[in-house]
Amino acid sequence: MATAATLLLVEAMLLLLLLVLQPTAAEVSAPATFPGDKAALASLKSAVDAATIPAYSCCLASWDFAHDPCTTFPCGLHCYTPPNSSYQRVAAVALDPAGYSGTLPAPVLASLPFLQSLTLRGNRFHGALPAGTPLPPSLRFLDLSRNAFSGQIPGSLFTAASSLQELDLSHNAFTGPIPPQVASLGALTQMDLQNNGLTGSLPAMGKMRSLAYLAVSGNALSGSLLDALPPQVLSVEALNNSLSGPLQAAAFRALSAMKVLDLTGNAVTGAVPGAAFEHPALEQLCLGSNQLGAVEEASDGGASSQLVVVDLSGNRIAGKLPRCLAAMPRLTMVGLDQNRFVGGIPDTYAARVSEEEATGGKLPFQKLTLQGNYLCGALPRQMRQIKEGSAAVSLADNCLLECPREFFFCQGLPQKNHATCPKCEP
């Protein structure tokens, strides 16, 4: 005969079982997830190698499809109930960067019509992106960066009906051209395709009326760049590609809102047009490690320039140092090293780098790198007053008459043998 203690234990176990089997308060009070959305989420988890889902993961490890996703999943998911609907719909999926390895199944893009944000950043997803199905029309943010996706970026993902505002496919292994269909994304404000294996030229982006930030560094893109951009673009980063051709003055004038242009590490040729120094908005101009051969002076002498950073280092620029740089009131960082500049160092340069605070409406140079040129003549008097630590300055490996190593900016490679230097015309 069962004792009272045994009966109490059995009753407690039955009660616990009922609590486990019964829906939670959240499941009862909120509408259930739409079945198609639940199936799409299940396909995402099934596409991930179970061995790469750590127990400590706050997302996929907690996705138990015996329960309703929208009402019970603790993280990685955001849902809402559309008007006049009896179901919750998935609006956002954001997995933690726990090292998940898997593929992106087509239902995630094809069967979540209310999806507004998808983030898989910082994992080990791999393989090709689903082709043949456009992104959900409501999707605004897509971040697949820092994974191992490969193959070509499917052009079928992008249509004129898209609401996409931010696209980040950087740090993957995509190859082939940037699909021309991206130019149909009228709402896109940011596109980051850095550090892939993309080739070919940039598609014509003139109709991308919202694009403000473009980052395509670390690929193998070729051809010209500026004439492909929309007029309202603010920032262009295209370092370490194979972009070529000259920089046209008309292109700078057409891109009147541009604040940042970084083409470091390409094959750009010709001259830096004076229009770049007269630009009404440009603050950073980085053209180092190209094949530029000349610099044009600004027609207004540089007084209207908004430039803060100018880097022309590592080119083939000959002639005298551009005088307009010393007249640019906001310019503080100047890189002209490893070129073929000749002549003396202008007193205006020396004055800007020797000042410790703004003078005459001009900020002092915080950086002036002139090493590796053919600059000649005497060391300007003002430069002898520069205190170490006040500015980053280097005059090494030039043709100066003397550059005593007691000055920090003369240290490094010695001055060139004067027999190899051109005739000095200060």
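**Before you start**

This is a predicted model: local features need pLDDT of at least 70, side-chain atom pairs count only at pLDDT 80 or more, and totals for chains, interfaces and linings use all residues. Numbering runs from 1 along each chain as its sequence is written, and side-chain values use heavy atoms, with hydrogens and water left out.

**Stop 1: the largest pocket**

Rolling a probe the size of a water molecule over the atoms shows where empty space is left. The search uses a 1 Å grid over the protein atoms alone: a cavity is a set of points where a 1.4 Å probe fits but cannot get out, while a pocket is an open set with protein on both sides within 12 Å along at least five of seven lines. Lining residues have an atom within 4 Å of a point. Grid points are joined across faces, edges and corners, and a volume is the space filled by probe spheres set on the points.

Select Phe141, Leu142, Asp143, Glu166, Leu167, Asp168, Gln190, Met191, Asp192, Tyr213 and Ala215. These residues line the largest pocket, whose volume is about 170 Å³. Now colour by strand. β6 (141–143), β8 (166–168), β10 (190–192) and β12 (213–215) each give at least two residues to this lining. Helices (H or I, at least four residues) and strands (E, at least two) are DSSP runs, numbered from the N terminus.

Which classes make up the pocket lining? It has six nonpolar, one polar and four charged residues. Here Ala, Val, Leu, Ile, Met, Phe, Trp, Tyr, Cys and Pro count as nonpolar, Asp, Glu, Lys and Arg as charged, and the others, Gly among them, as polar.

**Stop 2: the cavity**

About 30 Å³ of space lies in the largest cavity. Select Leu104, Leu109, Leu129, Leu135, Leu142, Leu144 and Leu157 to show its lining. By class, that lining has seven nonpolar, no polar and no charged residues. Leu142 lines the largest pocket and also the largest cavity.

**Stop 3: the disulfides**

Show the cysteine sulfurs. A disulfide here is a pair of cysteine sulfur atoms within 2.5 Å. The search of the whole structure finds four. With bonded cysteines counted along the chain, the pattern is 1-2, 3-8, 4-7, 5-6.

Go to cysteine 70 and cysteine 79, joined at an S to S distance of 2.1 Å. The torsion about their S-S bond is about -75 degrees, so this disulfide is left-handed. Both cysteine 70 and cysteine 79 are buried (under 20% relative accessible area; exposed is over 50%, partly exposed in between; 1.4 Å probe, protein chains only).

Next, select cysteine 376 and cysteine 424, a disulfide with S to S 2.1 Å. Its torsion is about 80 degrees, so it is right-handed. The pair links distant parts of the chain, 48 residues apart: cysteine 376 is in strand β25 (residues 374–377), cysteine 424 in the segment after β27 (399–400). Buried or exposed, what is cysteine 376? It counts as buried, at 6% relative accessibility. Cysteine 424 is partly exposed, at 32%.

Move on to cysteine 403 and cysteine 410, with S to S 1.8 Å. A torsion of about -80 degrees makes this disulfide left-handed. Both cysteine 403 and cysteine 410 are buried.

**Stop 4: aromatic pairs**

Show the rings of Phe, Tyr and Trp (its six-membered ring): they pair if their centres lie within 6.5 Å, and planes under 30 degrees apart count as stacked, over 60 as edge-to-face and the rest as tilted. The structure holds 10 such pairs.

Centre on tyrosine 349 and phenylalanine 365. Their ring centres are 6.3 Å apart and the planes lie at 80 degrees, so the pair is edge-to-face. Tyrosine 349 is in helix α8 (residues 347–354) and phenylalanine 365 in the loop between α8 and β24 (367–369), so the pair ties together parts 16 residues apart in sequence. Tyrosine 349 is buried at 0% relative accessibility, and phenylalanine 365 at 2%.

Then take phenylalanine 408 and phenylalanine 409: centres 5.3 Å apart, planes at 75 degrees, so edge-to-face. Phenylalanine 408 is buried at 15%, phenylalanine 409 at 1%. Finish with Trp63, Phe65 and Phe73, which ring pairs link into a cluster.

**Stop 5: charges over rings**

A charge sits over a ring if NZ of Lys or CZ of Arg is within 6 Å of the ring centre and within 35 degrees of the ring normal. Select arginine 89: it lies over the face of phenylalanine 34, 3.9 Å from the ring centre. Last, select lysine 416, whose charged end sits over the ring of tyrosine 374, 4.5 Å from its centre.
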